[in-house]
Amino acid sequence: MKKVSFLLILILGVFEGYSQTDISGQVFDDHNKNLSGATVMISKDSVSSILAYGISDANGRFKVKVKSESNSLFLKVSYIGFATFGKFIQNTSQALEVQLSPSSESLKEVIVKSEILQQRGDTLSFSVAAFKGKNDRVIADILKKLPGIDIRPNGQIFYKDEPIQKYYIEGLDLLEGRYNLANNNLSADAVSKVEILENHQPVKVLDSLEFSERASINIKLKKDVTVSGTATAGMGTAPLLWQTKLTPMIFTKKRQAIVTYQSNNTGSDVSGEIRNFSIKYFGENFNIDKTDWLSIQNVSEPPFSAERWLDNNVHLGSANILQRVKKDMDLKLNISYLNDYQQQDGSTQTRYFTPTDTIDVIEKTNNNIFVSKLEGELTLENNADKNYFKNQLEFNGSWNANRGFIDRPDAQIKQQLAHPFLGIRNDLRLLRTVGKQLITFTSNTGFTESNQDLLVQPGQFEEVFNNGDPYAEIKQRVSSRKIYTDNSAGFTKALGKFTISPKFGFSIQNQQLDTDIFLEDGQEVLDTDFKNRTEFLQSSVYFKNSINFKNIEETWNLRLSTPLQFKSFQLEDENFEDTRNLDRFIFEPDFYVKRKLSAYWEAHVSARLQYGFGEIQQLYYGFLLNGYRNLNRYNAPISEEIQQNYSAGLNFRNPLKQLFLNASYSYNFSESNLLYSSTIGENGTTILEAVARDNNFENHSFRGGGSKYFRKMKTTLKLNASYNISKRQQLLNNILAEVNTKSFNLRGSVDAEISSWLIANYSANFSTYTSGFDDSDFQQIETQQHTIDLYFYPKDNQYLSVGGEYYGNSLSDNGDNYFVNLGYQFTFEKPKMDLNLSWRNILNTDAFINAYNNEYYYVQSSYRLRPSQVLATLKFSF
Amino acid sequence: MKLKLFMLLIFFSVNILAQEELKEKFNYKVTYKLDFKLDSTSAEKRSEYMILYLGDDISQFSSRAYVLANPIVRRGNNGSTSRAAVTKFFTKTIKDQGASKMYNSVFVPMTDFFYVQELRLFDWEIHSETKIIKDYKVQKATTSFAGRDYMAWFTTEIPVSDGPYKFNGLPGLILEIADTGNDYVFSFIGLEKITPALTYKINFNQYIKTTQEDIAEILHEYRRDPPTYVRAQGINTHRKVDPEWHKKMVAAFTKMLEKENNPIELE
């Protein structure tokens, strides 16, 4: 323990026997206010060294003990911003009052050289050599170890719990968010430093205007010209399995390129490495995503890793090239092609509940899926100090085809689907200073086209198409086109604690949908009810404004956005010679507030009003055969929906006890002018139509959870529960029913670090889903899932994992599914290689049995799995 | 309705707790460079810039990394981009001359912790030796603190009884201070006037009050295994770290922390 003393006395060069003098007093400013922290010094005269000193307390009082033989002493009292007070006093104990007078004289400044503030010293960048372990191969291995960095299972990089903004290599942004490709394949040996740019603003014009919460990463290479990459090769049985990947890359000062080729039949997802994590600024309302009008009957995919069920044969090639055209100007090309052939086997049993009847459908499914996809992006970016320009031209093309075979007790049905797609879009973002304000212009224009054909043999819906008699085939043809443009200008301004960001813009979208149905020998169904020639024009002029408020301590956080839009819809159908119009002026406020109540408690509340209007997918008059037993049409006015959402929640967090609790409630209410009517036929054929009739939907949802970390056992225990209750109206076989659903979910997990060589995880999930009409419940399904994983680390270069899983449901007779998997990795130091052995599905479970229910039906499905398989993979980097 | 009322009540509730809120205007900014040796078995030294903000009654000392990330200072900075990164010096020391108290705060993700100490922790011995540091006449003083003996150089030309880290209590600002083994060396880089003065406000009601030992333990827990720590706080419940990587990461961090065997406060 340190001795605590308020007044310290030091006497220099004193002899025993001197009498001690107590000088006490009080210091005031010119307004007679006490000055605390003033320094009081006693010396022999104004120039000699300090004999004793004191510092004034909260009341401005000081007390100094002096031992000196001198008759007089010099008292000096100083305080920043006041003239120093100096006075000779008698060497006798006395009390003084000192009043200081303000002085405009500042302290002598010593200006810090700007390069010290700007410099990126060793603390700001990480030397790879310091972090590199002997088992580390690629740069991702190093990044994972850096403080604050966290890499999610999908490869997305987070820094301090925020996704990173940019991933630069030598200051160049080659991959535009597809950084997994570099991160997983650039050899750690080629890298000298990893720099974390905290609060990085990638747009130079915004540098001193818009604060960025996000960080970026810059990879510094050892050499001016770097050639690197990784190669993986794997073999397995049975049947014969292969897995290969080759990713070479080259980096120079002005040009960078990464190329990859991957192929496997092991069920491994190759698209992960070219997934784009970039943060898009626009295109929220309009996109060139593919619309699937038609589909073949599928079996729902199992909820675990695709490596155990996906029967594939995939090839992927991707090239990414960057050329620095001139200072601050980059041209980038990213292009990839994927080809896959997948097989899917399974069976489903579907039971429909109508207010009067139950209908069972049993289907054995065998599907072949052919995927052929080309994607490209050409980017020109000029990131100069005074303005910013980025233009991105994106191209998506796919030539996919599916073949499906359904075996039912009474029939065998073939389905053939061709759904080629083409999409092109151009995104422009421009930042310019206009007067003193920085204005952001965005322009997003796109075009898509898709011609889809579904052939079903023999034809279904005999009552509708062939007076109840069987017939050989039915073919649905869909031709759809879309063209849109969305343009806006806006700015952001900080006004004290508030930030406002208004945005003004307009958008136009034109969609065309032509559909025809053909029967045997290309004979067209001429009835207008089975044709569409729809043209849908949507236009909007909008003014969006959002206001943010944060107080200095960040205990309050308010956000309010107040978008105003004028929307106009015009639908024309040549076939029906009909037009539908809708003009609406809408206001969609969105309010959110978070309040930190104390160090432990936090509360939040939000409220939101939203409007939804019919999209072309719910606007066609004539029937469309969407699937072999689904016939849909929407011969009703344009749908309008008003949604209200409210939520509130409370969090408690005690980091000292490592205890966390939260609870929240949310309520949704929506009103719609259209009611959906399903007519379910005996063999499961469903006709969906829209009927103009006001109806509403209501949902209450409750959530609660907690977690606790036990320090001594290094164990985290977690428990979460949620309860949902909803109500909606539905027309089922022409009877109006109120469909109620209730669902309850309970999840728990234990993660324990048992010792330095053993880690164990257990998680369980239990849920029930109940649905019913009006007051009667007709179906309840309980499902549960248990997973246990053990990880052994016997040595630094070895690791063994054992996992067991159970899935079960209350509906299926043989609904118990058990799985055991084993993995082992050995790392060689010389040559640098990783050997990975995995044995999946050891119990050789041949199918996954699952059950789920929806508002008025349930489905039991069985999905054929990959057999018990062993795979050995060798990975090395160069 | 009852719920709405309850929420309103929560939102606008006045804290019944004792207000531990400090407000100040900072007029001066002192920059120090800290050269330090965290691993006593290695000769390697690291360095960091440290900032001391001075107000009339209150001062704040922290690593420059925190200053740049601090939203309050960020506003004063006009929100410009900073390139701060991770520091090894986690404690922010706030000295209150009026209350004669010292608040030491440490941020471990999601939470600000603090512990309070008396301001006058030091017994100084003033020596007659003087020298000049960047035009300031400084005088020598010595003390011992938390297991180390220190030699400091202070100047009466800057009449504030303050200095880097927790050091204070001399009749003038400490410009240089080092322990006798030179494991921790604070040296003076600059002193700048801040115009306009920087408004500073800190509300300890939003911070968790605990002890120096507890904070050290929590910080160690976080730094050894960040994913587990963060998950135990109820964040991103659905997210899972690859166990193999998790293990390697913990091993690497444990090794890094073992090398930090020479903290500034030994006892």
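Helices (H or I, at least four residues) and strands (E, at least two) are DSSP runs, numbered from the N terminus. The structure shown is a predicted model, in which local features need pLDDT of at least 70, side-chain atom pairs count only at pLDDT 80 or more, and totals for chains, interfaces and linings use all residues. Residues are numbered from 1 along each chain as its sequence is written, while chains are lettered from A and ligands numbered from 1 in the order in which they are written.

View 1. F461(A) is found in the loop between β23 and α5 of chain A, and F461(A) adopts a positive phi of about 50° although it is not a glycine. With 22 C-beta neighbours inside 10 Å, F461(A) counts as buried; a residue is buried if 20 or more other C-beta atoms lie within 10 Å of its own, exposed if 12 or fewer, and partly exposed in between, with C-beta atoms placed from the backbone. P458(A) also lies in the loop between β23 (437-457) and α5 (462-465) of chain A, and the peptide bond from Q457(A) to P458(A) is cis, with omega near -10°.

**View 2. D328(A) between β18 and β19 of chain A.** The loop that holds D328(A) runs between β18 (314-326) and β19 (329-353) of chain A. D328(A) has a positive phi of about 65°, although it is not a glycine, and counts as partly exposed with 15 C-beta neighbours inside 10 Å.

**View 3. The open sheet β4-β1-β7 of chain A.** Three strands of chain A form this open sheet in the order β4-β1-β7, and the pairing is mixed; two strands pair if DSSP finds at least two bridges between them. The edge strands, each of which pairs on one side only, are β4 (61-67) and β7 (94-99) of chain A. Neighbouring strands of the sheet are turned by 25° against each other on average, direction ignored, where axes are lines fitted to C-alpha atoms, for helices over the stretch in contact, and angles run from 0 to 180 degrees between N-to-C directions. Strand β1 (residues 20-28) of chain A pairs with β7(A) in the parallel sense over six bridges, and L96(A) in β7(A) is the bridge partner of G25(A).

**View 4. A83(A) and its contacts.** A83(A) lies in the loop between β5 (72-78) and β6 (85-90) of chain A, and A83(A) is partly exposed, with 13 other C-beta atoms within 10 Å. Leaving aside its neighbours within four places in sequence, A83(A) is in contact with L100(A), S101(A) and S103(A); two residues are in contact if their C-beta atoms, placed from the backbone, lie within 7 Å. A83(A) and L100(A) are 17 residues apart in sequence, and their C-alpha atoms are 6.5 Å apart in space.

View 5. Strands β40 (residues 735-755) and β41 (residues 758-773) of chain A run antiparallel and are joined by 16 bridges, forming a hairpin with two residues between them. Within this pair, D751(A) stands opposite N761(A) in β41(A). β41(A) is also joined by 16 bridges to strand β42 (residues 776-792) of chain A, again antiparallel, and here the bridge partner of I759(A) is Y791(A) in β42(A). The hairpin of β41(A) and β42(A) likewise has two residues between the strands, and D774(A) in the turn has a positive phi of about 45°.

View 6. A nonpolar core is a set of buried Ala, Val, Leu, Ile, Met, Phe, Trp, Tyr and Cys residues joined through C-beta atoms within 7 Å. In the largest such core, which has 84 residues, I42(A), A152(B) and F154(B) touch the most other members, and strand β11 (residues 184-203) of chain B gives the most to this core, with eight residues. Domain 1 (21-203) and domain 2 (211-258) of chain B both give residues to this core, so it lies between them; the domain bounds come from an automatic or database domain assignment. Leaving aside its neighbours within four places in sequence, A152(B) is in contact with residues including A141(B), G163(B) and F167(B).

**View 7. The cis peptide bond at P196(B).** P196(B) is found in strand β11 of chain B, where a cis peptide bond joins T195(B) and P196(B), with omega about -5°.
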